[in-house]
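Q: Please take a close look at one part of this structure, the surroundings of the ligand. I would like a single connected account.

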Amino acid sequence: MGFELGGKNIWVAGHRGMAGSAIMRRLRQEHCNIQTVDRSEIDLRNQLAVDGWMKTNKPQVIFLAAAKVGGILANSSYPADFLYDNLMIETNIIHGAWANGVEKLIFLGSTCIYPKETPQPIPESALLTGPLEPTNEWYAIAKIAGIKLCQAYRKQHGCDFIAAQPTNLYGPGDNYNLATSHVLPALMRKAHEAKKAKSRDLSVWGSGKPLREFLHVDDLADAVVHLTKNYSGEEHVNVGTGHEISIRGLAELLCRVVGFDGELVFDATKPDGTLRKLCDISKLKSLGWDNARGLEDGVASTYRAVAETL
Ligand code: GDP
C-alpha cells in the first residue's frame, strides 16, 4: 500500500505558480483538504510566520512548489534575492514540517541543479559532480540545498521528505512574455502573432540545433502525486518524458499547431546555450510512472487554452 492522500490536510506552497496550480488541479481528484496561503497573509521567508501558520493549520502533507523564479537576466541581476529568498522559503517550510510532525513532504527542484558538463541523458547521480552553469548558480545552489535538506531531515529525524527534479515545463500558467520567457511559450506566441499579422517569416533564436526535453505541467503534477504516494527514498527523482526535440523541430511543431505556414529564420546573433539537456527517467519509470503525453498533443491543448490571452 502506498502513502494515502485521501482525507488529509495538504498544503500546496506556491499554489499560484505554474507547477503549484497544476498540482492544485491534480489534487482535486484525491478527496483531500487542500490548503493554501497567500503571499499577502504570510511571508514564507519569515520563519516565525511559517511556523505559526503550520501550528494553526496542521498540514499533514506538503507539496513545496514555492520559489522565487526568473530567467537568465533576473538571475544575474538579483543573485542575493535568488539565493536568500529560496533558501529561506525551503528552510522554513522543511524545518517547520519536521517541527510540526508533517507526514510527507515533496520538494521540487529544477534542471539547473546539474553540472554544466554532464553525461546525457542526465542521471540523478550527476548531482554535485561538477561546476554549475554560472548564470543561474544562485538559484541552483538554493535548489540543491532544498534536496539536501530533505535528505538531512530524513537521516537525522526519520522524516519522509522526498524531492522531484522536473525537466523544462510548459502548459497553462507559463510566462508568455517574449523578453523573459523560455523557448516553447516564446515560439508559441511568435507563431500566433505571425499568423495574425500574416507575416512571411518567424524568427528563431540561435541555430535551431540544440536539443531540449519538454514536460506538460499537468504531467508533472500527476508524477509528483504518484511519487508522494509511492516513493520514500533519499535520492531525488528526475521527472521528464525521456524524449528530446531540436529547437528547429519544436518551431516547426508550433507552426503546425498554430497554423502558421511561413518561413523560419534563424537568428545567429542569439545564443544557443547548452546543446543538449535530457533527463534520465529510468528511476521514475521503475517507480511506475511513464504517463507523459506526446509533445504535439500537449502543445495543441495548451494553445487551445491560452490562444485568447496571447
Ligand atoms: P534554456 O533551455 O535554459 O537554454 O532556455 P530557453 O528555453 O530560453 O532556450 C532554449 C533554446 O531555444 C536556446 O537555444 C534558444 O536560443 C532557443 N530559442 C529559439 N527561439 C527562442 C525564443 O524566441 N525565445 C527563447 N527564450 N529561446 C529561443
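Which side chain has an N or O atom 3.2 Å from an oxygen atom of the ligand?

A: In this predicted model, the side chain in question belongs to His-182, which places an N or O atom 3.2 Å from a ligand oxygen. Arg-212 also takes part through its side chain, where an N or O atom is 2.8 Å from an oxygen atom of the ligand. Ser-181 uses its backbone instead: a backbone N or O atom of this residue lies 3.1 Å from a nitrogen atom of the ligand. Taken alone, the ligand exposes 550 Å², and the protein buries 86% of that area.

The shell around the ligand holds 14 residues. Arg-212 is among the closest of them, together with Val-183, Lys-190, Pro-271 and Asp-272. By residue class, the shell consists of eight nonpolar, two polar and four charged residues.

As for where these residues sit in the fold, helix H6, spanning 183–196, and strand E7, spanning 201–205, each contribute at least two residues to the shell. The largest share comes from H6, which supplies four residues.

Technical notes. Residues are numbered from 1 along each chain as its sequence is written. This is a predicted model: local features need pLDDT of at least 70, side-chain atom pairs count only at pLDDT 80 or more; totals for chains, interfaces and linings use all residues. Side-chain values use heavy atoms; hydrogens and water are left out. A residue is near a molecule or strand if one of its heavy atoms lies within 4 Å of it. A polar contact is a pair of N or O atoms within 3.5 Å; within protein, one must be able to donate a hydrogen and the other to accept it, and residues adjacent in sequence count only if both atoms are side-chain atoms. Accessible areas come from the Shrake-Rupley method with a 1.4 Å probe; for residues, only the protein chains shown count as cover. Ala, Val, Leu, Ile, Met, Phe, Trp, Tyr, Cys and Pro count as nonpolar, Asp, Glu, Lys and Arg as charged, and the others, Gly among them, as polar.
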